Amino acid sequence: MGSFTRPVQDLGKEASDYIDLRIDDLKLRTAKGLSMTLSKLVYVLLVLFVVSIILIAIAIGGVMWIGEAIGSYAGGAAIVAGVFLLVLGVLLLLRKRLFRDSFVPLFINMFFDDDK
């Protein structure tokens, strides 16, 4: 009777092994995706930190230079603030193209590998 049920037992064992392998594959893909996302996030934060320091230095230099040129540091600060507001306005107008349209393909490529 043992040889009669053996194919069913083998099928059950192979199905269980297959499910375990699929779960392991999902765990590995999730770990890969999370590590890639975290590394890109840390990179972007580092770049933003450095760029913000550079922009602060440029802004202070611009305020000093324009303030000396027009005789008023408050006026220089207003002009520099106006330039930054203009840049902010451009970024707000282009936010869909700059951010959303670039992140969707990034996440699709990250979680749905084309190499399979």
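Helices here are DSSP runs of H or I at least four residues long, strands are runs of E of at least two, and both are numbered from the N terminus. By that count the chain has three helices and zero strands, so along the sequence you read α-α-α.

What you're looking at is a predicted model, where local features need pLDDT of at least 70, side-chain atom pairs count only at pLDDT 80 or more, and totals for chains, interfaces and linings use all residues. Residues are numbered from 1 along each chain as its sequence is written, and side-chain values use heavy atoms, with hydrogens and water left out.

How far can you trust it? pLDDT is the predictor's confidence in each residue, from 0 to 100. The chain averages 85, and 85% of the residues score at least 70. Among the elements, helix 2 (residues 73–93) has the highest mean pLDDT, 94, while helix 3 (residues 95–111) has the lowest, 70.

Now for the surface. Of the 116 residues, 8% count as buried (under 20% relative accessible area; exposed is over 50%, partly exposed in between, with a 1.4 Å probe and protein chains only). The chain exposes about 9,800 Å², and carbon and sulfur atoms supply 75% of that.

Finally, the salt bridges (a side-chain nitrogen of Lys or Arg within 4 Å of a carboxyl oxygen of Asp or Glu). The whole structure has one: Asp17 pairs with Lys13, their closest N and O atoms 3.2 Å apart. Both sit in helix 1 (residues 2–70), four residues apart, or about one turn of the helix. Asp17 is partly exposed, at 35% relative accessible area, and Lys13 is exposed, at 52%.

Notes. Accessible areas come from the Shrake-Rupley method with a 1.4 Å probe; for residues, only the protein chains shown count as cover.
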